[in-house]
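Hi there,

Here is the structure I promised to pass on. Have a look at it first, and my notes follow below.

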Amino acid sequence: MTAAPLTRLLAALPERLPDLRALYEDLHAHPELSFQEFRTAGIAADRLRRQGWDVTEGVGGTGVVGVLANGEGPVVLLRADMDGLPVQERTGLPYASRETAVDGEGQEVPVMHACGHDMHVACLLGATAQLAAAREEWRGTVVAVFQPAEEVGGAPAMIEDGFPERFPRADVCLGQHVAPAPAGFVGTRSGPVMAASDSLRVRLFGRGGHGSTPESTVDPVVMAAAVVMRLQTIVSRETGAAQTAVVTVGSLHAGTKENIIPDTAELRINIRSTTPAVRERVLSAVERIVRAEAAASGAPKEPEITELNSFPVTVNDERATDTVLTAIGEALGRERVFTLPQTLTGSEDFGVFGTALGVPSVFWHFGGADPALFRDVDPEALLTDGLPETVPANHSPYFAPVPDPTIGIGVTALLAAAGAWLCHQDTRPTDGRAG
């Protein structure tokens, strides 16, 4: 893509940024849990309609899909996710969330955009506005996807709701995620870019009784503690040093009072892996350990192990990734675009779209943290050394991307990547499909 079409495509962005910042702050202050994104979806649909897009609501629950056809040319899918998390915000920002909601188990919980999905929505709506306002600069069709429930797997719900048949078939799927890296920098890699994720709920069964006579009980709290500790050996003793796996027990609930031994304990376990073989080995080890510890404790009943959600490895198409990195580098400066040295252990369901459509996908990360936090840090060192302890990461109650320049960077990256197909069609894959 030559610089001129993208320059003209971005021409009105500076004057649009104040509105996008206000939108971002509003979305941040009003997060919604997975599959409850009614307000956010309504805002996205309303803005798309006013921009001139053909809009469909309620796809896969609360999903919104906008289609803008602009003559013959490739079809590009752009995706943003919309859901927040059950986290109590502690940023102290004037637009911090004070929202609560009822989760899927009937519990009232605080809600926060602790993963930056509000930023994703604002950036995609900025990109759709620019595309609609500068149609003379590109040809083809754009499918803008505002996806629900990324945290629990909303992409499969959209696919199951007939997405491949209901909307123009994409030639490439593009998505991005804000990261706790310095604002202004972008990174990705070809091949596996984000890990697979499997979440499990485990119920352990004991025999309750009085805390003063534990010998007459089977204590599920002790059983759960043994399971948690033993699970740590899966990575340290059953996974090779050159392989990647993470096993996290993020939730453990048991009992109601200090002198009552309960009947049950519940654990919620999350597993990350980057290859099918490691994934199967870790899942098998988790089940083996859970059942063995229950048997060792004399549990009166076999544990219940239930899958909560599962995301595949996110894989970037090599040729399409080269095209995207080149385009974003031309837009932002090549010195601001990095190739990630290894697969990230975070997970995404974005790849479900490309897999379902049989087309290439590219997913990248763009920095959203205040550059002042990295004043004495070499950006390239972050790739190997990780984040400074003072920088809040995604899912932290302190995580909040700085609006400026993050919004402008996010919009620019989306338009540059999409423009590589829409503004200069020679860069698209020969047959428009994955090999």
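A helix here is a DSSP run of H or I of at least four residues, and helices are numbered from the N terminus. Please keep in mind that this is a predicted model.

Let's start with threonine 128, which sits in helix H4, residues 117-133. Its relative accessibility is 0%, and since buried means under 20%, threonine 128 counts as buried. Apart from neighbours within four places in sequence, threonine 128 is in contact with Leu48, Gln51, Trp53 and Ala144.

Next, the strands. Strand E2 (residues 63-70) has 7 of its 8 residues buried, so the rest of the structure largely encloses it. On one side, E2 runs antiparallel to strand E1 (residues 54-59), joined by 5 bridges, with threonine 56 opposite valine 65 of E2. The E1 and E2 hairpin leaves 3 residues between the strands, and glycine 60 has a positive phi near 65° there. E2 also pairs antiparallel with strand E6 (residues 140-147) through 7 bridges; valine 64 has phenylalanine 146 in E6 as its bridge partner.

Finally, a helix pair. How do H9 and H12 pack? Helix H9 (residues 318-332) and helix H12 (residues 403-422) meet at an angle of about 130°, their axes 8 Å apart, and are therefore oblique to each other. Their crossing is right-handed. Residues making this contact include Ala320, Thr323 and Val324 of H9 and Ile409, Thr412 and Trp421 of H12. By type, the contact residues comprise 12 nonpolar, 2 polar and no charged.

Notes
Residues numbered from 1 in each chain as written. Predicted model: local features only at pLDDT ≥ 70, side-chain atom pairs only at ≥ 80, totals over all residues. Heavy atoms only, no water. Helix = DSSP H or I, 4+ residues; strand = E, 2+ residues; numbered from the N terminus. Buried < 20%, exposed > 50% of the residue type's maximum accessible area, 1.4 Å probe, protein only. Contact = heavy atoms within 4.5 Å. Axes fitted to C-alpha atoms, helices over the stretch in contact; angles between N-to-C directions. Parallel < 35°, antiparallel > 145°, perpendicular 65-115°, else oblique. Left-handed = near helix turned anticlockwise from the far one by under 90°. Nonpolar A, V, L, I, M, F, W, Y, C, P; charged D, E, K, R; others polar. Pairing = 2+ DSSP bridges.
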